[in-house]
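Dear colleague,

I am handing over the structure below, and after it you will find my notes on what turned up when I went through it. Please read them with the coordinates open beside you.

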Amino acid sequence: MHIEFFGAATEVTGSCHILRVGQQVILLDCGLIQGSRSQEARNAEPFPFVARDIDAVVLSHAHIDHCGRLPLLVRRGFRGPIHTQQASQALSSILLRDSAHLAASKARHTRRGDDSGDEAPLYDLQDVERTLARFVSHPYHGWFDVLPGIKARFSDAGHILGSAVVEILATENGTTRRIVFSGDLGQYGSPILRDPESPPAADLVLMESTYGNRRHKDREHSIRELGELIRDIDASSANILVPAFAVGRSQELLFHLGNHASEWRLDRWHIFLDSPLAIEASEVYWNHGHLFDEEALGLRRGFKRMPRPPNVHFTRTAAESRIVNQIKGGAIIIAGSGTCSGGRILHHLRTALPHAPNHVLFTGFQPPGGLGRALIDRAERVRIHGQQIEVNAQIHTIGGLSAHGDYDDLLRWYRGIGNRPPVCLVHGDLTAMQALQFRLTTEAGARATIPEPGYRLEL
């Protein structure tokens, strides 16, 4: 029995790990690699395993860096079940279809000479539909059979709707091991979602480390900072662009805008959720209210359908998005993707960045090598759709609204596991991993390692 680390090992995206139990093979996540063009080009490379040899997949949650290569896995021969939490199945169907559309769009840009990259998309909508047919969903907290001698259960990870901490009980030759995969862990006390749940015990923990070297700003402080920023901007001459993940961040932003509409003087603005994906995801959130925390559940009871903050417009079509892109002031535009790696936000950035009165607000992690990180690092010019764009707009980062827990949250989650098991750190850049490794070792008494890609760990 052993684990092999192939994705999100010493890097943030592309989550993908293999558990081998005798002749049976389970894949934990199969996500897209995100970042620079050269990093994303790795998605088209052969898997470091044979797709048809995988017997089952267990998916932690629906974010594309965790599920985005599943259609490619199916295209290359995988024929087993894909186990995930019930809300994750609903969100994955939206995100994977969108991913196929984005891949086709990038291919068209390449053929027109507007950008560089592979001409053929990784997969198409037919691959996505074949993938979705393999999903098997489960509620939180109930054990289910993955393969003979192997069972699993999901606990709430508090990251996005349906995000799961995965516990696997695997038996081989009379020996049973409990392997825990954290997936992505949210912050404690976040709105809408419940707090992350720690399993009672483990023989090994695969643990994310995205913010392993950082402490977020206090959430209430971050919300005040967001409000002050909106109040202080002259709505008559500026737009505010918010690159936001369609699942998780967009819903939280709408939650805060609705709660503080009067205080933040939002009557001066028109708010555009410019993402069909985020609109669909918001409906999924609304339809899974039983997974909300007590505050959000109480608010939900007062409405028969999904509420909107004042002056909010849902722009579903490309034609509507182009109209929004012509607005010269008074617009708060929430659009995907959250890492600025594709989607409608690129068109808005191309228009808004050259103009100093405009503002770009980042509320989540930006992977190294990507456009979002370049803007945060104050690049003077960036490349969008094959054009060099001057950056004169003002760039802001509000870290306290991240969907990822910081190092205090990560330590708190680990300390909740009763027996202090050994840890393998994944899903973080090396600096974050090393910082979290030090804290786990010195403050929590853990034996923490950082596996390189291809590392094999016997259990």
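A residue is called buried here if its relative accessible area is under 20%. Please keep in mind throughout that this is a predicted model.

By that cut-off Phe-47 is buried, because its relative accessible area is 11%, and Phe-49, at 11% relative accessibility, counts as buried as well. The rings of Phe-47 and Phe-49 have their centres 5.0 Å apart with an angle of 15 degrees between their planes, so this pair is stacked. Phe-49 also pairs with Phe-6, and there the ring centres are 5.9 Å apart and the planes stand at 45 degrees, so that pair is tilted. Phe-6 belongs to strand β1, whereas Phe-49 is in the loop between α1 (37-41) and β4 (56-58), so their contact ties together parts that are 43 residues apart in sequence. Taken together, Phe-6, Phe-47 and Phe-49 form one aromatic cluster, and the model's count of aromatic pairs comes to 4.

Elsewhere, the charged end of Arg-412 sits over the ring of Tyr-188, at 3.8 Å from its centre.

The backbone has some features that I would ask you to look at as well. Most residues other than glycine have a negative phi, and most peptide bonds are trans. Thr-10, although not a glycine, has a positive phi of about 60 degrees; this residue lies in the loop between β1 (2-7) and β2 (16-21) and is partly exposed, with a relative accessible area of 24%. Arg-378 is likewise not a glycine and has a positive phi, of about 65 degrees; its place is the loop between α12 (371-376) and β17 (381-384), and with a relative accessible area of 52% Arg-378 is exposed. Finally, the peptide bond from Gly-336 to Ser-337 is cis, with omega near 10 degrees, and Ser-337 is located in the loop between β15 (331-335) and α11 (345-352).

Methods:
Residues are numbered from 1 along each chain as its sequence is written. This is a predicted model: local features need pLDDT of at least 70, side-chain atom pairs count only at pLDDT 80 or more; totals for chains, interfaces and linings use all residues. Side-chain values use heavy atoms; hydrogens and water are left out. Helices (H or I, at least four residues) and strands (E, at least two) are DSSP runs, numbered from the N terminus. Buried means under 20% relative accessible area, exposed over 50%, partly exposed in between (1.4 Å probe, protein chains only). Rings of Phe, Tyr and Trp (its six-membered ring) pair if their centres lie within 6.5 Å; planes under 30 degrees apart count as stacked, over 60 as edge-to-face and the rest as tilted. A charge sits over a ring if NZ of Lys or CZ of Arg is within 6 Å of the ring centre and within 35 degrees of the ring normal.
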